Amino acid sequence: MNDLVHDLGGGGAGTAVYLGVLARDSGVWTTAHAAARTMAGQAATVDPSTSGLYRGAPAVAYALHTAGHRAYQPALEELDRKIGPLVAARLSAAERRMDSGHPPRMREYDLIRGLTGLGAYLLRRGAHPDLLDRVLHYLVRLLQQPVTAEGNSLPGWWTLDGPSGEPDTDWPQGHGNFGMAHGVAGPIALLALCTRTGRTVSGQQEALMSACHLLEERVRPLQAGGAAWPETVTVNGWFNGPPTSAHPGRPSWCYGTPGIARSLQLAALACGRTDTQRRAEDVLLSCVSDARQLERLEDASVCHGWAGVCLTADRAAADAAPGSALPGRLPALRAAFLAHVAANALPHDAGLLTGADGILLTIHTLNPTHRVGPGWETCLLLN
């Protein structure tokens with residue numbers, strides 16, 4: 001079996017999302033149906049150890065739901081019957097871990113493999129509202145309940161994994177991850193998006209207020225002006241702060257300042273914190289206006305390249321406070337993205353995160369003369 005058939009980030013499920021969005025706009029479904037048939041030709045896994053939003057049955061269901069064709073409804077209903085027990089099993093395991101006081105594995109809670117991603121699917125799909133509420137309770141607890149590692153009291157999203165998602169001798173005390181794809185920005189963004197749709201549980205507002213404080217506290221000024229968040233932090237960095245010589249990481253949706261800034265903006269909007277919202281937008285603006293940071297973008301991908309930066313900035317600009325300069329920055333940013341695409345071959349790989357599908361779908365989405373309605377990018381926690 002080819003696992004990439006059911007992969008949203010780097011395979012066929014991502015292709016199906018791209019083709020489904022195109023078909024929804026054009027009304028021509030031939031290629032979208034072919035992609036759906038390819039996915040359906042192999043059974044999608046619901047193994048709790050490997051299935052998440054970006055792999056297995058949830059990835060297939062996300063693609064079919066995003067396409068929205070009525071012919072896909074029977075398959076979606078069958079997938080919903082399988083995904084519900086998968087989410088319940090993952091929640092039960094996470095709740096037992098929390099009761100023990102031990103830190104989580106990254107894959108327990110992150111967007112790509114974990115409960116944040118499964119919650120994003122439930123939000124987008126509108127299925128299993130009881131399970132979505134359980135996911136929200138879990139995320140509130142993740143943000144509010146500390147864990148103990150090596151005698152240190154650390155935030156509940158601290159993991160003993162290295163940044164690769166596996167134990168790493170170079171990170172003997174694990175790390176804190178601030179990014180959207182694998183870190184705390186993902187749970188924050190999902191809680192905020194659910195709040196904006198009216199889906200809340202007890203403690204959710206308090207958790208979002210604490211998240212605003214966390215991200216405001218951890219943003220750091222840069223020597224050359226502007227500000228940025230660290231991608232990751234060690235135990236020493238958590239307690240002592242970043243070194244004064246620290247430089248910003250690569251601007252990206254997945255780990256970098258753009259994704260984290262959008263998460264903080266969403267949290268601020270959910271809490272009605274206008275000053276915090278403006279702070280998030282100012283940091284994002286400083287990032288996407290800094291030629292030195294943009295020079296670190298090496299490809300056009302959604303995950304860590306131009307497409308992700310442009311899409312994140314566009315979605316943040318749509319929600320920006322009155323008077324923000326962020327919307328005015330979009331044309332130049334989009335032009336730089338398109339210039340990069342014109343000068344470089346598209347990747348041979350499929351998928352939304354690292355493949356050509358995500359790049360082409362972003363270009364289609366950001367076309368100023370034919371705007372695509374929001375929705376498909378819930379898998380990125382941007383809307």
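A residue counts as buried when its relative accessible area is under 20%, as exposed when that area is over 50%, and as partly exposed in between. The legends below describe a predicted model.

**View 1. A buried salt bridge between Glu377 and Arg315.** Glu377 and Arg315 form a salt bridge whose closest N and O atoms are 2.5 Å apart. Glu377 lies in the segment after helix 16 (356-365) and Arg315 in helix 14 (residues 306-318), so that the pair links distant parts of the chain, 62 residues apart. Both residues are buried.

**View 2. The salt-bridge network around Glu166.** A network of salt bridges links Arg105, Arg107, Asp161 and Glu166. Between Glu166 and Arg107, the closest N and O atoms are 2.4 Å apart. Because Glu166 lies in the loop between strand 2 and strand 3 and Arg107 in helix 5, this pair ties together parts that are 59 residues apart in sequence. Glu166 also forms a salt bridge with Arg105, with the closest N and O atoms 3.3 Å apart. Glu166 is partly exposed, at 35% relative accessible area, and Arg105 is partly exposed at 33%.

**View 3. The packing of helix 4 against helix 6.** Helix 4 (residues 73-100) and helix 6 (residues 115-125) pack at an angle of about 145 degrees, and their axes are 11 Å apart. The crossing is left-handed. The residues that meet include Leu76, Ile83 and Leu86 in helix 4 and Leu118 and Tyr121 in helix 6. The contact comprises 10 nonpolar residues, one polar residue and four charged residues.

View 4. Arg218 belongs to helix 9 (residues 204-218). Arg218 is buried because its relative accessible area is 17%, under the 20% limit. Beyond its neighbours within four places in sequence, Arg218 contacts residues including Phe178, Trp229 and Trp238.

Methods
Residues are numbered from 1 along each chain as its sequence is written. This is a predicted model: local features need pLDDT of at least 70, side-chain atom pairs count only at pLDDT 80 or more; totals for chains, interfaces and linings use all residues. Side-chain values use heavy atoms; hydrogens and water are left out. Helices (H or I, at least four residues) and strands (E, at least two) are DSSP runs, numbered from the N terminus. Buried means under 20% relative accessible area, exposed over 50%, partly exposed in between (1.4 Å probe, protein chains only). Contact means heavy atoms within 4.5 Å. Axes are lines fitted to C-alpha atoms, for helices over the stretch in contact, and angles run from 0 to 180 degrees between N-to-C directions. A crossing is left-handed if the near helix is turned anticlockwise from the far one by less than a right angle, and right-handed if clockwise. Ala, Val, Leu, Ile, Met, Phe, Trp, Tyr, Cys and Pro count as nonpolar, Asp, Glu, Lys and Arg as charged, and the others, Gly among them, as polar. A salt bridge is a side-chain nitrogen of Lys or Arg within 4 Å of a carboxyl oxygen of Asp or Glu.
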